[in-house]
Amino acid sequence: MSVYRITDSLRRRTSKVGPIGVALAAAVTLASCGSGSSTATTQASTGSSAGTAGSVPGLYGTLPPVGLPAKSGGVITFGQLSGTNPNYIFPIVPAANSSVYNLYEFENYLFVPLYWGTVGTIPEINPTVSLANMPTYSNGGKTVTFSIKPGYSWSNGAPVDANDVIFFIDELKAAVKESAANFGNYTPGFFPDNVVSATATGKYTVTLQLTRSYNTSFFTDNELGLITPMPSTAWNIASANGPHLDYTVPANATAIYNYLSQQANDLSTYATNPLWQVVDGPMRLTSFTPSTGAFTMVPNPHFGGHKVQFSELQGVTFTSVQAEFNQLIAGNLTVGGVDFSVLPQVSRIESKYNVYGLPDFGFQAAFYNFTDTTGNWSSEISQLYLRQALAHLEDQTAYIKGLYKGAAVPDYGPIGVSPPSPYTPANAKNNPYPYSISAAANLLKSHGWKVVPNGTTECVKPGTASGDCGAGIPLHATISPTMFYTNSPPILGEQAQAFAAAAKQVGINIQLNAKTFNFLVSNYSVAGAPANNNKWAINDFGGFSAADYPTTNNIFNTGGSFNFGGYSDATANKLISNSVYGSNPNAVSQEASYLTEQQPALFTPASDFIYAVSKSLSATNENSFSALTQFQPLPQYWYFTK
Amino acid sequence: MEERETEGVEESPLNLGGGIGPFEPGITDPLDGGEVDDTVTSGWRLAVRSFAENKLAIVGLGILIFFVLFCYVGPHVYHSNQISGNVLNSDLPPGSGHPLGTDNNGYDELGRLMVGGQAALEIGFFAAIIATVIGSLYGAISGLIGGLLDGVMMRIVDVILSIPYLLIVLIVATRYSGTVLSLSLILGLFAWLVPARLIRGEVLSLRVRDFVSAAKVMGSGRTRLIFRHLLPNALSVVIVNITFQVADAIIAIALLGFLGFGLQYPHVDWGDMLSTANTALGNGYWWLVYPVGISLILVVMACNFIGNALRDSVDVRLRRR
Amino acid sequence: MTRVLEIEDLSTHIQLSRSVVQAVGNVNLHIDAGETLGLVGESGCGKSITGLSIMGLLPPGGKVVGGSIKLEGRELVGLPDAEMRKIRGNDIAMIFQDSSSSLNPTKTIGEQVAEPVLLHRGGSKKEAVDRAIEVLDLVGIPGAKERLSDYPHQLSGGLRQRVMIAIALSCDPKVLIADEPTTALDVTIQAQILKLLDDLKERFGMSILLITHDMGVVAGRADRVNVMYAGRMVEATGTKEIFSNMRHPYTQALLASIPRMDQDNTKTLFSIPGIPPDLTNPPPGCRFAPRCAYTKSDCQESEPSLSGSEDHVVACFHPVMDGPLKPEKMVTLSHGVRERAGEGETPLLEVIDLEKTFPVTSGAILKRKVGKVHAVSGVSLTVRRGEIFGLVGESGCGKSTLGRMIVGLERPDSGKVLLNGEDIFSLRGRTLAKKRRDLQMMFQDPYGSLDPRMRVAAILREPLSIQGVESAKDQEARSIALMREVGLPSKALERFPHEFSGGQRQRIGLARALTLNPKLIVADEPVSALDVSIRSQVLNLMKRLQVSHDMAYLVISHDLAVVKYLADRIGVMYLGKLVELARGDDLYSRAAHPYTQGLIDTIPLPDPEIERDKKKRVISGELPSPIAPPSGCRFRTRCPRAQEICAIEEPKLRTFGDQHYAACHFPLVEPLEEAASASGQTKI
Amino acid sequence: MAGYLFRRFVTSLVVVLGISMVAFAMLHLISSSPGRAVLGLHASPKAVAAFNKANGYDDPIVIQYWHYLLQLLHGNLGYSYKLNQPVTSVLGENVLRSLYLSGVSLVLAILIAIPLGIYQAVRRNHLGDYIVTSGAFTLYSMPSFFLGLLLIQAFALSLKIFPPEASQSVSVIGVIEDPRAMFLPILNLVAIQVAGYSQYMRSSALDGLGQDYIRLARAKGLSQKAVLTGHLLRNSILPMITLIGLSVPALLAGNLLIETLFNYPGLGLMFYNALQNEDYPILLSYTLIAGVLTVAGNFIADVAITIADPRVRLS
């Protein structure tokens, strides 16, 4: 769980992403993708949605066919929405710059992470594209050992080895020592704080000593997943053409970090600075426009994985979903995102593009501020019955049909039903609080409220007994929270309006308020932040993406750094810590099940991330398309067809 | 030059040759000042007359009145639920039950048009009033006191006027959430500069007119000069200005709305309704774009028509002096 | 004699937005070779439109709807524009009234003069420029060659007028139409320009159509005169004839309404009642009938056509036979003033050494003084109770500024204004406000001087309410009385200024000035904005009221004749100085200062005899800049008698007779011996 | 004349100084603690304070303004924490593209508006005049983006003659080489400006036609054409010069919308993105620059007038 995933969540709503790549015509993909490729052929023939993703509920449209005859070369133009544009190149990304776009759609083309997220839409480490083999845990889980696959090398010829991992960890420690804000994914007490020592026990083997044992899935997916090896022989300098320093000496590490991050702040030199030309990823940066984030990349001949076959990758930005869609209509993009708001016109591009979409892991929700004392809100929202009532007021099916144009899946808790996850709890499969104005009204009535439809509902039975309004709610108290939502994309506003309209029918007056995403995340994202605490009651900035191991650690546990609303519940805390430290593989399901029932936030539909992929594009590996929806672009597998 | 011949000085049309009967040469009565017509026509009435003669103005007035009725009386005649729309009915094309279809949230577009119009007209009007009041006072003070203060005050105007209105308004709008009041204030507080200049100019030109000197000669004090002579005469300029201010404000709302800084649910103005115009057109939801767009243009145009006509008619009166 | 230009039954209409002005109807006129035809009439009589019809340059909506215009027998009406263009500026040239607006501000005068030459004469640019220089020399522009590259705004009004004449002459046209060629100019300059026109005509023998409202101007130079009224030609005959033996009552009345230098100012001035008809729907019958003294029933019914002998036509059923009206016929005013306006008692108004300069500034915030205009420099004068004091001078001589200082609209830099021995500038607040009752003002512009927002009633009541005298009811009564006094019906009280004619507005202005029973009214150009026939009405009224209210006037005017008619004593100002002061007749008969004499000489009199044999003595040169006035005697730069001393020493006012003072080193008449003058010094 | 221009220049400087104050004041009012904005809400108050101190955001307001001013004089407009680069470099990125768009459309607009206005004046109250006037009025009463929407709908989506989006080329050369992509945005801007200018030119020309010197020119026998080109044109353009100088703010505002609508990477688009990101250093720097541009525009207009109008030049 990390900051970039928050920033990410808004982007996801505006939903423009997707790497471009060309895969080698040859090369049958690996076992894990076998089913993928086989179904891909059927899919190519039937053209209907199919395959691993095809069977997934919530798949919108048709996945592009794979395995078509390839031709080399070609320029892939890839559309991204403005604001989703990359603005940081150094793998240790500070909070301010932390977004999926910087990592998955920019840096990971250049610098391959140690472990690569999903396999298509299956929440597993993808061994084929990961830089290291799966780790082994010993010493009661307190020792982790993993080895880098040989064959990967930096573009300056040096091999990618254990030192590059240690270099990263040392630099990361130096960075977070300076300021927590220097690493967006930093959570105090967790990586790298929980690494006592990192040693190269072989040229390619790294052994980590941990402070304590963890749930292995958690540690592998959520902690080791943060590591991106860096060229320890090229970047270990503190000034241009300066001496190569021993980064294991903390002082040097700090000096190096300062130099590299300072270089990373000079966006205008990204394409020219020799530092950033030392890469181990499939691509190499050739031009970069700081203000728009538009960039051009060419294949990196030294890439140790699948050799890229197209000749150039261009990232272009747009100001509005329509602007991007117009370009799709004009056929000027190879891959571009499609917003729900333009789905009605999708037929205009279906001749040229395969259009498909899926939700990604994680959840979208409007967060309650449990510390906003304005109008007794904190007391009111602390009442389970009220949270349940609010859940009853949300007509997800209608939203999906009317607003999302069908391109979304109902979601009732932190772990949704689509894409399918082994962790999805039973109670999240059917809506525990189905849309029903009367149900909501009854819940209120039975707890001492006088419900005035389209008027103002009042508390008439203050007190703490069952059937009373509850602690801290005085007589004649009303329910009138202020709800903020991001002004772009429009879908959030429309959803909020529909919700507020429903609430009005039980006398709950929600004052809506649109703000930019940045404003909400930078001002209304910390419960109890004295400056703004009482300014917001509900905040729908989007939601969170989940890592492969979807614990809500940091989100719903007391004091979690992304616990926006200050939700605090003993049971929840216990269940979350089980997921993180316990060995029970079901712990995370139990956690999700409890939260689904408790409704610590208003869970909203999991929207699809819809892509238009030119019919001239194919891939050797279907997952490389479906993974787009999970922000796991694998350009190396993509190619233009004959 | 004083002795400039008065060719073209128009005698009052109300005086058709004040004839008196036959007379003996030499006994002309100096006490015959000629006839005076029976019907009184005040400056305003004259203005109104020439206004009424201006077809465009009448059209403009008609349009404006129509929209005022449409927006304020309309909802009482044509009932539609603007509080809770049915999302399942979103984006319906015009048809039975929904003459203008429905919008993304399933609100009836015709009803929306009325409600949105109310906000647009109100904001336009309030903003105009705010701007004009501030501007008039500022300009009057600056013009009346003159001297260094005038210089400084006008430099201040220059400064703010040099900064593009829209930019400032947008920046401020990022901070304050849109309500009719806040938008009126934001728009009004940055639009007073033009009226300020106008009024100042008018006051300056009035200050040196003979009738002001005449009042001074009678021993009239400063306050009397200002409130009996200068301001009343500058008033016409003010009034003309208001109409243009309204037009500008409504356009500004449209821009704010389009860029996503408009009003908040449940309130809506025409600008907000256009915020998704780009996609709506693409989707072929023309009914979400053209009705509101055309209404907006018509109202703005109406204001401009009226403004121009007023200006002309006021000029007429001043020309006739 | 060959007819160069012949016009028959010309009618021109002007289409307005909602009405048609029948500007010119059935006009007949002809000009012979080398002849000057004077076309006279009041504003709006259609004389200018006639001129423009000939040029085919009618304003938008204007159209010749009938009749013919023949140039040497060639019909111009209906001539295609391309043809007409060949004639314009070539065969027929025109001079307009206002040279300041008639010259293109963004083109050098060289270009502008050469333009028609290039157009009509063809030839090289060089030749055109040479011709330009030639004609500029001709019209007496000093250093024409150097001036070529000047722009109009760099030239004085007189020079600009000369340039316009040069343009007209550049292709030496057969006919020159001069439309009010001198109206916008000061008298001295006017004289120069008129003289120039005369000379040019003598040299080139072109025909001139001289359009003017000024009888004096035609008297001097026209061979024949056509009189127009309300779009109709009413009379046409030889110049001598028109003045001595006119037939049309209008001609007679018009001439009689013009105050002459030799006017007996104890008698009322003749004046024509009412105002000209509205030409958008003129009355049936004779258009002058409503104002005519001799009108009979038939005048109302049908319209008289031009008839009479070849050399004297008139459009009237009942032409007058007795020549000009005899002044004796006019009413004598009960004029007690002169007697009581004796010496001895303290004068009503004493102006002592008034000094006023206006800074010339530039700069936006920080005004930098770059110089100052010496508007009034040490002027002293007195006005006695019930006296009319006249102040004459050309524009820019400071007479208006002096007037404004006397009523306290401007603060002098130095000097005093004593009213009943009390310095008004020493007063403050209420007392000053109170004092102001005794000092009122009448303004030149009948349009600007009344608040367009106020009804007449309010306008008349305002002074009273300001001064806080009388109850609302009395105020009411008072204003009704005042309206009667100035000859306006009391129903007019409910009207707004824009509903009145210019003359009526001046009456209202006068009434307003009267409301507070002032002891002195400063009248700044009270009639210069009015037409002759209206003007005399107002002049009579002013005189009459002065008597009945027993107050004093300080009349400021550029028109010596008007001042002379009104005033008991006259002060002549030149460039901020009072150069001469005397009784009207005294001044006229034996002016001491060359400038005064020059003024008297240059004023065109409506009398062919005088004008003809008036030796063309004109004041040369132009008014120096008041920013840097000449040293010593300010008039010296233009004075024929000037000598070194005039530059060195500023002449003192010396006595030239009873209440006759002048400041000149070399006066035209002998001053009295110093002693008397010295004593006279104290009391002017 | 030189003196006059010098004084105007000084005045302009004063105004610019004023603009810098306004911009600074707004920046200060809107984001008084950049530290919080940059480091986020998680950052400890200590860290924020440290950041503010390090960057001098805790100095007295006057001092801060003084530094701000000094920085401006050194061409430093501040730092965009959102884009993570100096404001100047962001502006530098876009300024040329915007210049091209505005410049071309402005020039075209003037070239069209002037003859159009004269034509209207000459054909006053005839059909042609009415048509143009009503057209101008409609455009004038239309939000600029609305015209853009219609253009996109008609030419890009329906007729498919022009691309719906402006050129995306990074280099200005690339933009210039792609006139088809630039057609709609430029057309849009031109139309809006012509609507205003032509009407102004019309009245200015009408004014001129009523002048005596035009009558004199005709009296010389000049042809209509000669009168219009030789005498009317220059005089009636003079007031236009001032107007154009004054219309810089409108031009910039227009760019903001058109660039946003057509997704043209210029200053306007940069401003829009900055709005979405609450990137105040950029927003206010651009505002400052816009203000300065306006002042410059007016000053240039004055100079132009001085050159074009002998009455000013020679006095």
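Author: Helices (H or I, at least four residues) and strands (E, at least two) are DSSP runs, numbered from the N terminus. In this predicted model, local features need pLDDT of at least 70 and side-chain atom pairs count only at pLDDT 80 or more, whereas totals for chains, interfaces and linings use all residues. Residues are numbered from 1 along each chain as its sequence is written, and chains are lettered from A and ligands numbered from 1 in the order in which they are written.

Reader: Where is Asp550(C) placed?

Author: Asp550(C) is in the loop between helix H19 (532-549) and strand E20 (552-557) of chain C.

Reader: Why is Asp550(C) called partly exposed?

Author: A residue is buried if 20 or more other C-beta atoms lie within 10 Å of its own, exposed if 12 or fewer, and partly exposed in between, with C-beta atoms placed from the backbone. Asp550(C) has 14 other C-beta atoms within 10 Å and is therefore partly exposed.

Reader: What makes the phi of Asp550(C) worth noting?

Author: Most residues other than glycine have a negative phi. Asp550(C) is not a glycine, yet its phi is positive, about 50°. Asp353(C), in strand E13 (residues 349-362) of chain C, is not a glycine either and has a positive phi of about 50°.

Reader: Why is Asp353(C) described as partly exposed?

Author: Asp353(C) has 13 other C-beta atoms within 10 Å, so it is partly exposed.

Reader: How many residues form the contact of chain D with chain C?

Author: Two residues are in contact if their C-beta atoms, placed from the backbone, lie within 7 Å. The contact takes 20 residues from chain D and 28 residues from chain C. On the side of chain D, H10(D) provides the largest share, 6 residues.

Reader: What is the composition of that side of chain D, by residue class?

Author: Ala, Val, Leu, Ile, Met, Phe, Trp, Tyr, Cys and Pro count as nonpolar, Asp, Glu, Lys and Arg as charged, and the others, Gly among them, as polar. The side of chain D that touches chain C divides into 6 nonpolar, 6 polar and 8 charged residues.
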